[in-house]
Each structure stands twice: as C-alpha cells, then as structure tokens.
Amino acid sequence: MVKSRVQFICQNCGSVHQRWAGKCDACGEWNTLVEEGTSGGIGSGPANSRNARKGRAVVLTTLSGDIEDAPRIISGIGELDRATGGGFVRGSALLVGGDPGIGKSTLLTQAAAALASKGHRIVYVSGEEAVAQIRLRAQRLGVASAPVELAAETNVEDILATIADGKRPDLVILDSIQTLWTDLADSAPGTVTQVRAAAQAMIRYAKSTGAAIVLVGHVTKEGQIAGPRVVEHMVDGVLYFEGEGGHHFRILRTVKNRFGPTDEIGVFEMSDKGLREVSNPSELFLGERHAKSPGAAVFAGMEGTRPVLVEIQALVAASSLGTPRRAVVGWDGARLSMILAVLEAHCGVRFGQHDVYLNVAGGYRISEPAADLAVAAALVSSLTGLALPADCVYFGEISLSGAVRPVAHAQQRLKEAEKLGFGSAVLPLGSEELAGGIGAGAFQPTELADLVARIAGSRRGRADDEE
C-alpha cells in the first residue's frame with residue numbers, strides 16, 4: 001500500500017513546498033501555502049516514478065516542410081472571431097477570464113448558439129449554474145431554440161464520458177475551471193492541484209480528438225485569472241473580458257494566442273438582449289465629448305491591427321496639501337509621474353503645488369507609451385485653462401530627455417482620425433511617410449517644449465485678438 005505524504009502547495013503560483021511557511025519562496029505571496037496530501041497520484045514524485053514505463057523513441061523532423069493553416073470554427077460573431085484570431089481552432093484550449101457578472105457566460109452562450117445553429121455540435125457544461133438557469137439566460141438572449149447540449153457537472157471523468165458518447169463535439173465550454181475536480185487528485189475542488197489536473201485532462205482530450213475547449217476562469221481582486229499561472233501556460237490562448245460597472249461596453253482582450261495576434265481586442269455593448277458588437281469603438285469612446293473643455297486631448301491609439309480614438313481627461317487644481325495628490329484611472333501611474341517630471345525639468349511647467357487627476361474616458365485602459373504626448377497636452381491644457389483644438393489628435397512617446405519619439409502605425413492612426421472628422425494632428429517628427437490627408441499639415445515637434453510653447457502661444461494669440 002502506497003504511503004501518503006503531505007505537501008504544501010502555493011495557491012498563487014503552484015510551487016510545491018515540503019513544509020509550511022508564511023511566505024511562498026517562489027512568488028513572494030503571504031499566506032498562500034495550503035496543505036494537500038498525495039497518495040501516489042498526480043504530483044507524487046519519486047514514489048510514482050519508480051513504476052514508470054520505459055519511454056519510446058519519437059521521430060525527429062526538420063524545420064522545413066509543408067505548412068497548413070490551423071483549421072478554425074468561425075462563430076459569426078465578428079468581434080469574438082477578431083479576438084481569437086479568426087475563430088476557434090480545432091484541438092485548441094482557450095481560457096477566458098473576467099470579473100464576476102461581466103458577461104463571460106452571456107458571450108459564450110451567444111457563441112454556442114451561433115455555432116450550433118450552423119450545424120456544429122456544441123456542449124455547454126456548467127459547474128456553477130443549473131440547467132434551468134442557463135435556459136433562462138438563453139431565453140433572455142433569444143437563442144433558446146439553438147441545439148446546444150447542456151449539462152451541469154463538475155467531475156472531469158463524468159464529463160469526458162458524456163461528451164465521448166456520440167459524434168465528437170466541435171466545441172466544449174466548461175464554466176468554470178475552478179469548479180471541476182478529478183478522481184486523480186485528492187484535494188478539494190478549486191485548489192491548485194485540482195485545477196491543474198482538471199485542465200490537463202481537458203487539454204489532453206482536445207489535443208487527441210480535435211475538439212476545441214473553452215475554459216472559463218475566475219479573476220482575483222488584482223485582476224488576474226485565479227488559480228495557478230501554470231494553467232495559462234498550458235492553454236493555447238488567454239482572453240480577458242474587461243469592463244467597468246458604470247459603463248455599458250465590454251472589451252475582450254487577447255493576452256496570449258498561439259494561433260494569432262496577441263494584442264487584438266473585441267468590443268461589445270451590453271444590453272438587455274445580450275452583447276452587441278461594436279464595429280467602430282472610436283465613436284463609442286468619443287460619443288459624450290465636450291470639445292471646448294480645457295484638459296481634454298484625443299489620443300489615437302492602436303489595439304492590435306485596429307486603431308482606437310479615445311479622450312484623455314486631465315484636471316490640474318491648486319492643492320492645500322503638503323504632498324499634492326496624483327490620481328490615475330485607465331493609465332499607468334508611474335508613467336504619469338514621469339511625464340510630470342519631464343514637464344517640470346525640461347519645459348518649466350510646475351506642478352509641485354497642484355493636485356493632478358488623469359482619466360481615460362469611458363473606462364478604457366491604455367497600455368502603450370504612444371499616449372505620452374496626449375497626456376502631456378491634456379495636463380498643460382488644464383493647467384493653463386486653454387482648451388485644445390477640438391479637431392486635433394495626439395500620439396507620440398516622450399523620453400526622459402524631453403524628446404518626442406516616433407511610434408508605429410502612424411498612417412493607420414491618422415486614417416481613423418480623418419474618418420471621424422478630425423482635421424489636424426500632433427505627432428512625432430520622423431514618423432513613417434505620411435501621404436496626404438491630415439498628416440500633410442500635421443504639427444511634428446521634436447521636443448516636448450515645442451508642444452508646450454505651441455499651447456501657450458494660443459493664449460497670446462487669443463489676447464491679441466481680444467485687443
């Protein structure tokens with residue numbers, strides 16, 4: 001009889017420890033080590049390796065050879081297909097994460113119904129909801145007539161036995177991976193061992209049969225998918241479903257994709273009838289814009305292959321505190337501190353006695369450094385009380401020396417701005433060749449001080465006009 005032994009596994013990173021400690025040595029998190037017993041099953045180490053079979057030789061090949069495109073299942077939901085790189089790849093595993101109530105189950109229900117209506121066999125397995133709850137959602141979405149096969153089950157072996165009966169499914173949706181458990185592990189559902197073992201079993205099924213698997217994952221308060229990060233390495237793609245509670249739009253963001261781009265987004269609008277595709281997100285983010293307000297600049301950004309225009313709002317107000325406040329929503333706080341330091345050191349703009357608040361309109365989140373120029377323009381505009389031109393867009397990276405550096409895809413950014421009615425632009429000198437349109441007459445500063453002087457010059461111009 002195999003002797004069971006005790007291990008302590010970190011619930012954050014999945015590392016194994018032989019004794020308990022308050023802090024995980026691998027990831028540095030506190031109070032994440034949980035005792036889990038093993039009895040010769042998964043993770044039993046040397047006790048199980050003594051009975052391992054002898055390996056067999058595999059055939060080695062070369063890098064050159066015939067290349068075939070990955071076979072895909074197109075859902076017909078354009079924004080979902082864009083985020084996945086053109087549809088679900090057969091034999092792949094996809095992990096979808098998002099905050100509770102953000103719309104993960106709604107999106108997957110709509111996708112399952114769309115695929116089932118095209119003749120694909122779709123199996124939807126829920127470990128958190130009863131079949132009746134899923135049916136109620138389908139009725140609300142108007143897709144109750146779609147031939148989607150439903151089940152409420154959490155045991156991996158039972159799920160595999162169920163979907164193996166009959167025709168091989170084209171897509172299997174498991175909601176969620178934290179509720180699944182397998183007989184091969186002794187720990188409770190939701191622990192690192194169970195999540196990893198259950199995901200491994202489902203991924204093995206996908207690779208061996210060619211069925212696409214979608215795993216739904218919970219998100220922690222830090223915004224990361226709960227459970228071991230090793231699950232993200234095991235799957236072929238990771239999607240995050242983002243959105244703010246006070247806004248009606250949702251963004252499906254790709255952070256990992258072995259069969260497509262890793263920086264695409266799909267934009268949806270939440271309504272009482274489910275999620276609706278937003279083909280032009282720039283109009284959505286600029287819909288409630290006040291053009292004559294100081295402290296607002298329109299940033300022309302890129303999300304994968306899609307240009308997105310969004311308004312950046314800044315408020316600079318006199319502070320009565322010894323240490324002025326710096327608050328940021330939708331952007332990197334450390335990068336804001338850098339822009340403020342460059343404005344003070346190289347442009348003579350003082351913020352030491354002012355509170356600074358920065359917000360990306362609509363709850364959108366920006367990660368690319370090309371927003372530096374738009375942020376700087378909004379800050380100077382708010383401090384001076386001068387509104388920026390309503391038909392101007394801004395993009396460019398700012399270095400610590402105060403220089404404005406070029407960014408990629410300048411032509412695509414300008415085309416999107418021109419399509420939405422913008423007539424001028426501020427962008428770095430040395431950007432890719434700009435052919436006509438608003439790029440021909442764009443202002444291209446080499447230093448951030450040039451932009452500050454241009455904004456300050458508009459005040460003198462207005463004073464001369466008034467005289």
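## Second largest cavity

Strands S15 (296-303) and S19 (392-394) each contribute at least two residues to the lining of the second largest cavity. S15 gives the largest share of that lining, 3 residues. Strands are DSSP runs of E with at least two residues, and helices are runs of H or I with at least four, both numbered from the N terminus. This is a predicted model, in which local features need pLDDT of at least 70 and side-chain atom pairs count only at pLDDT 80 or more, while totals for chains, interfaces and linings use all residues. Residues are numbered from 1 along each chain as its sequence is written, and side-chain values use heavy atoms, without hydrogens and water.

The second largest cavity holds about 60 Å³ of space. Its lining comprises 13 residues, with Arg289, Ala296, Ala297, Leu388 and Pro389 nearest the centre. By class, 9 are nonpolar, 2 polar and 2 charged.

## Largest cavity

The structure has 4 cavities of 30 Å³ or more. A cavity is a set of points on a 1 Å grid over the protein atoms alone where a 1.4 Å probe fits but cannot get out, and lining residues have an atom within 4 Å of a point.

The largest cavity contains about 90 Å³. Among its lining residues are Thr84, Phe88, Asp236 and Phe259. The lining divides into 4 nonpolar, 5 polar and 1 charged residues.

## Strands S17 and S18

S17 (residues 326-329) and S18 (residues 354-360) run parallel and are joined by 4 bridges. Val329 has Asn359 in S18 as its bridge partner.

Definitions and conventions: Two strands pair if DSSP finds at least two bridges between them. On a 1 Å grid over the protein atoms alone, a cavity is a set of points where a 1.4 Å probe fits but cannot get out, and a pocket is an open set with protein on both sides within 12 Å along at least five of seven lines; lining residues have an atom within 4 Å of a point. Grid points are joined across faces, edges and corners, and a volume is the space filled by probe spheres set on the points. Ala, Val, Leu, Ile, Met, Phe, Trp, Tyr, Cys and Pro count as nonpolar, Asp, Glu, Lys and Arg as charged, and the others, Gly among them, as polar.
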